[in-house]
Amino acid sequence: MQPGLGRGINFGNALDALPGGPRLPLDERYFDEVASAGFDTVRLPVRWSAHAGTTAPYTIDPAFLARVDAGVRAALDRGLNAVVNVHHYQEMSTAPDAHLPRFLALWRQIAAHYAGRFGQLSFELLNEPGGRLTASRWNTVLAQALAAVRASDPERTVVIGPAEHNDPRALPALAVPDDAHLVASFHYYAPFGFTHQGAGWVPGAEGWLGRSWGGAADEDAVRADLARAAAWGREHGLPLFVGEFGAFQAAATDSRERWTAFVRAEAEALGMSWAYWEFGTDFGAFDPARGVWREPLRRALLGGAPPAP
Ligand code: BGC
């Protein structure tokens, strides 16, 4: 097992679902599947900004908070770690000044709600900051968000990631706050033209269809990217968590399996924990319609023989 968060999977498109996008029901059985397959961690992306007041005090809808609680408990009850983030708060990247007070108010509420309980729950401050949240602006906002958490929850593990959509190449620009309970994260989708071929939300992605992955040069590129990130982590004394990595369903299965297995194995060899993007929708390692793991992806992530039925 890897240190820290170990081997994880994202329950993407559940509590973070966008209108009109794919949707994963947060079914208790899925937590059973994840635990019995051998994962250690569930990352629960949460779109708090769609479920909170738009004027001060920006109160989170209690019914929505109860849904998040149910997800956290479902993970923790099965011995899994949970990571809860702020996901798809796009306005933080397009209008950070206007949204900062609300963003900080969300973290004050979330932290106060979980303070003093659920030690296996970690917080991740913001998924993929980008746009106007430049590296330097993000460094300030991140420190403010961490302070908002620390006001009520001094020892919670907090996951921080770099600007530029958590690109590992932006790690050197990340200012790491002085705090004893941090994990650094980045997202790995390189080469993007392979992992996002055919992805409807990415302009030009239709033109990438048919790209394969797996030659020596492909492997060298991944190895170099991850080694650079690992060196940064060592320099800062921070554990690293690859909070998202995955290839969209339009890519050929053999290449997806090769890429997923390679990234996973390299990350583990470098002592990183990870969470595959994602469990059961358009990158899905699990097929909810048939109620089974997609064996090539399960094997790429966890190795070994398939679990007995
Ligand atoms: C986004 C998803 C997207 C995935 C891969 C995630 O951070 O929330 O909508 O499918 O990244 O691009």
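Which residues does T260 touch, not counting residues up to four places away in sequence? They are F245, Y276, L297, A300 and L301. This is a predicted model, and its protein chain has 10 helices and 10 strands.

**The chain as a whole**

- The C-alpha atoms of the protein chain fill a box of roughly 50 × 40 × 35 Å, taken along the principal axes.
- A compact globule with 309 residues would have a radius of gyration near 19 Å, and the protein chain has 18 Å, so the two agree.
- Of the 309 residues in the protein chain, 54% count as buried.
- The protein chain exposes about 12600 Å², and carbon and sulfur atoms supply 54% of that area.
- Take the contacts between residues at least 6 apart in sequence: 73% of them join residues at least 24 apart.

- Two of the bridge partners in β3 can be picked out by name: V84 is the partner of L44, and V83 is the partner of R43.

**Helices packed on the sheet**

**A closer look at β3**

- How many of the five residues of β3 are buried? Five of the five are, which leaves this strand mostly covered.
- In a regular strand, side chains alternate between the two faces of the sheet.
- In β3, N81, V83 and N85 point one way, while A82 and V84 point the other way.
- Both groups, N81, V83 and N85 as well as A82 and V84, are buried.

**Where α8 meets α9**

- Helix α9 spans residues 253-269, and α8 packs against it at an angle of about 35 degrees.
- The axes of α8 and α9 are 10 Å apart.
- The crossing of α8 past α9 is right-handed.
- On the α8 side, the residues at this meeting are E219, V222, R223 and L226.
- Across from them in α9 sit F262, V263, E266 and A267.

- T260 is found in helix α9.
- Is T260 buried or exposed? T260 counts as buried because its relative accessibility is 0%, and the cut-off for buried is under 20%.
- Besides F245, the residues that T260 touches include Y276 and L301, again not counting residues up to four places away in sequence.
- D287 lies in strand β9 (residues 286-287).
- With a relative accessibility of 10%, D287 counts as buried too.
- Not counting residues up to four places away in sequence, D287 touches V292 and R294.

Conventions. Residues are numbered from 1 along each chain as its sequence is written. This is a predicted model: local features need pLDDT of at least 70, side-chain atom pairs count only at pLDDT 80 or more; totals for chains, interfaces and linings use all residues. Side-chain values use heavy atoms; hydrogens and water are left out. Two strands pair if DSSP finds at least two bridges between them. Helices (H or I, at least four residues) and strands (E, at least two) are DSSP runs, numbered from the N terminus. The radius of gyration is taken over C-alpha atoms; the globule rule is 2.2 Å times the number of residues to the power 0.38. Buried means under 20% relative accessible area, exposed over 50%, partly exposed in between (1.4 Å probe, protein chains only). Contact means heavy atoms within 4.5 Å. Accessible areas come from the Shrake-Rupley method with a 1.4 Å probe; for residues, only the protein chains shown count as cover. Axes are lines fitted to C-alpha atoms, for helices over the stretch in contact, and angles run from 0 to 180 degrees between N-to-C directions. A crossing is left-handed if the near helix is turned anticlockwise from the far one by less than a right angle, and right-handed if clockwise.
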